[in-house]
Every structure is written in C-alpha cells, then in structure tokens.
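User: Got a structure to walk through with you. Can we start with the sheet and go from there?

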Amino acid sequence: MTLPPPLSGLPRTPADITGPAPAAPPQPPAHPSGPTRATATPSGTPATPYNRHPTTTPSPTPTTPTNSAQTTPTTSPTPTTLTSTPYSTPATRVLAVDIGGTKLAVALVDASGELLRRGEVPTPDSTDGPVVVGALLELIAHVAEGVAPAAVGVGSAGPIDPVRGTVSPVNIPAWRDFPLLDHVRAAVPGVPVVLIGDAVAAAVGEHWRGAGTASTALLGIVVSTGIGGGLVLDSRSYPGPTGNAGHFGHIVADPLGPECPCGARGCVEAIASGPAMTRWALANGWRPGEPGPSVRPIGARELAADARAGAPVAVAAFERGAAALAAGIVSVAAICDLDQVVVGGGVSRSGEILLGPLRRQVAAQSHLGFVRRLRVTPAALGGDAGLVGAARAALSALSPSTPPPPSVQPVPVQPVQPQPVQPVQPVAEASAGVSAPTILPEIR
Ligand SMILES: [Zn+2]
C-alpha cells in the first residue's frame, strides 16, 4: 500500500492516532447548537440595533451601493456593514438568494433576519446558462410574489466578480463570467442588488443571527464537497478588493501534500474536504461498512458513520482532516487576531467526529496567547446561513438615496403555494431544466 505524502506532524496511519492526544487547554464552552433556521427572533420583532461592538464604526457612511442598478459601479465591492441598519424599518423586506452547485435557494427576509418565506430548487444539471438562470428567476418570482423587496442580496459560489456582477461558480459549469446581476436586476428592477461570495454570506449570517453574535473577528468556514471561508473583521465583512477574500480552502497546510485542483499542493481543501478525506481513507484500507457487503454510497457521511463506530482508518481520516483545518485556522487567527471560528457545511454535520479532533488540533497548534483565545464552534443556522447573510448584505445596501418601495409599508406577507417541505432532489433528476420550486411559506 502506498501512503500519500505525509502532512507534517499529522497521523499517517490509524496506528499513529492511538497515542495520547495532546493536552488541550481549557476551552470556553462551545456555543450550543442553535436552530437550523433563523427562528430566534419572534416575527414582528423590530430590527436589533447592531452596535454592541464598541470598536466598530458607529454608523456606516451613507454610500450608494456598488451594484445598485441606479449607480455606476465603483472599483471595489462594498463591504457588508454590520454595525447598524439605519435605513431599514421593521417592515422592510429584502430578498436573499443563495446559489450553490447543488441547490438554488431564495428567501424573503425581514429587517431582523427572520426568514418569512423560503423556496429552493435543485441546481439544474445543464450546460446551458439560460436554463440555470431560468430556474433561479422562476424561484425568485414565486418567493417575491405579492411583495416588492427593498433590495436583493445574492450569495454565490465563486469565483465571483462583484464589480461586474458576474459569477463563474466552479460547480456550475453553465456559468462562466455569467452576468448574473443583470438578470436579477431585470427580475427585481429599481432596487439595489448586491453580490457576495457564498461563504462570506454564511459567515455574515452566522455573525448576525447564528453562532458568532458575540464575535468581533470571526472566520466562518464551510466544510463540504469543497471548503470555503469568509471573514468578519471589526464586525464588518471583509470581501477584499475583488470580493474573494477568505478563500480558506486554499491555504496551504502541507507544501508536500496532495495536489489541489487549484494548482497548488497541500491546500486545506485537498486534505480536509469530504471527498479528500474519503479518498485518503479508501487509499489507506478503509472498507465502508465492514463487515457486510457494501452497497451504500461512499462519501463523507459514510466515513463519519464508520468513524463514530470506531473504524480506525475512518477515525484517522477525520484526525488528519482536522489537523489540516487547524493549521489553516491557526494561521488565519495569527494574521487576523480572530476570536472565533464557526464551522458549518455538510461535513461539519458529523458533529464531534470532526469538531472534537479539530478543537484538540487547534489547541495543540496554538502557542501565541492571543491565538489561544480562539473559540471553535459549530454553525447554528444550518443551510440557511447563506440566505441570512445575503439578506444582511441587501439591508446594508439600503441608503437615503434608495427610494422606499411599497414593501416598506406594513403589508402582511401572504403565503405562496403552501406545500410541505420536500427534500432536494438529486441533481441528475433536474437535468431537464427547471423543477417545481419547493416553497416554505412561513418559517417559525
Ligand atoms: Zn487549492
């Protein structure tokens, strides 16, 4: 058996992890797992002033949104301001859009971050850009029916170009330099439309309404098929000059490690993503579900189940992935003086199978005092973090120059096509193009 190149200081084989784990210093209690949807604030609760952080700017400079249809784009994306929402009212409604390779989700969100109405469809498995955007626009029309949102926030898988309003999601081949915001503006005319990365949106969502509300310097990471990240620094999102800051998955954790699709070696994503951990486990003798015939799919979920059952290679795969994640996290903490990391994404739902070794590894790799205060907590908003963050970006785009649309009047939201929530269909079943949206009219 050929082992992959070692990750410095990390277990290479199951036998390597049987030794005593490094002693972890006392950690602050983890944030308890919260609801999977933004339900913490009762409906109708006025917007919470976002000024709890004394180091933040008291009020954002009223600027016109970078990507507003009414303005000329500037040369850099507008950061999502998290200090206050001076131009919204409790009756303000914004539209939040979350675009990923598996699903497209849209929600109508109030000024407190509560999802009033939500729908999602599988991302069409099509190479035809208009087919994919057609599915999105139909979903927007359903969710926004009867209500004129004051702004639209779009969180998209990247790379993105917030200045030009284009996206090139790696997992959506139909879109390359696709003018997404032009389509959204045409569907929801006359209001600001802003674009941020999906992982940045998730970080902003967790900071605003999820597990990171007490943080002033937060890294949100999403561990899934790939690994993404977003930064909230001084309680403001930091998208960077091109809108792509926080690409946590492509921090190099092991310069001699496995090749990454980005072209580098040993990126965190190449070691700790679900497929990467599964590949490593299989190459090191993991036999899913042993004993017994294996007829189930093979992926991170199965790997987590076997790790939970004590399968040594599966446990080692998570230890190895956690060590790579920790290397990246500690590096970012040293650079950015982080106080919290929020871990979300499909792989993170394996719970302590990942978070346990991750906390131990972060503690073992943290030596500077200011880094050791870092808290590692699970995400609280589940799959809705991106929508909540996109809504926050939309609210941030409101300014005195934004004429209030009818939606700011206290008109009660009418449910649209009440249907039971259905699981997302496999992408392959959506290859014909647009699927009927699943609408969740009211979330409580
Ligand atoms: Zn990479």
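User: What's the strand order in the open sheet of five strands?
Analyst: The order is β10-β9-β8-β11-β12, with mixed pairing. Strands here are DSSP E runs of at least two residues, and helices are H or I runs of at least four, numbered from the N terminus. Two strands pair if DSSP finds at least two bridges between them.

User: Which strands stand at the edges?
Analyst: β10 (236-237) and β12 (375-378) do. Each has a single partner strand, so one side of each is left without a neighbour in the sheet.

User: Before I go on, where do these coordinates come from?
Analyst: This is a predicted model; local features need pLDDT of at least 70, side-chain atom pairs count only at pLDDT 80 or more, and totals for chains, interfaces and linings use all residues. Residues are numbered from 1 along each chain as its sequence is written.

User: What's the mean pLDDT of the chain?
Analyst: The mean is 77, and 68% of residues reach 70 or more. pLDDT is the predictor's confidence in each residue, from 0 to 100. Over residues 1-75 it stays under 50. Over residues 405-444 it is below 50 too. Where pLDDT is low, the predicted coordinates should not be read in detail.

User: Noted. Back to the sheet. How many bridges join β8 to β11?
Analyst: Five, and the two strands run parallel. β8 covers residues 217-223 and β11 covers residues 340-344. I221 stands opposite V343 in β11.

User: Which helix lies across β11 and β12?
Analyst: Helix α8, residues 352-365. Helix α8 runs at about 170 degrees to β12. That angle is between N-to-C directions, on a scale from 0 to 180 degrees, with axes fitted to C-alpha atoms, for helices over the stretch in contact.

User: Switching to L325. Buried or exposed?
Analyst: L325 counts as buried because it has 32 C-beta neighbours inside 10 Å. The cut-offs: buried means 20 or more other C-beta atoms within 10 Å of a residue's own, exposed means 12 or fewer, and partly exposed is in between, with C-beta atoms placed from the backbone. L325 sits in helix α7, residues 312-336.

User: What is L325 in contact with?
Analyst: V268, A272 and L358, leaving aside neighbours within four places in sequence. A contact means C-beta atoms, placed from the backbone, within 7 Å. L325 and L358 are 33 residues apart along the chain, with C-alpha atoms separated by 7.2 Å.

User: Now the hairpin. How do β2 and β3 pair?
Analyst: In the antiparallel sense, over seven bridges. V106 stands opposite G119 in β3. Four residues lie between the strands, and G113 takes a positive phi near 95 degrees.

User: Why is β3 largely enclosed?
Analyst: Seven of its eight residues (115-122) are buried, so the rest of the structure largely encloses β3.

User: Which residues of α2 are buried?
Analyst: L180, L181, V184 and R185, in a helix that covers residues 180-187. Seen down the axis of α2, they fall within an arc of 125 degrees, so they line one face. The arc is that of the directions from the helix axis to the C-beta atoms. Their cover includes β4 (152-156), β6 (166-167) and β7 (193-197).

User: And how many of α10's residues are buried?
Analyst: 12 of its 12, so α10 is mostly covered.

User: Last one. How many helices and strands does the chain have?
Analyst: 10 helices and 13 strands. Of the 444 residues, 52% count as buried.

Terms used
Contact = placed C-beta atoms within 7 Å.
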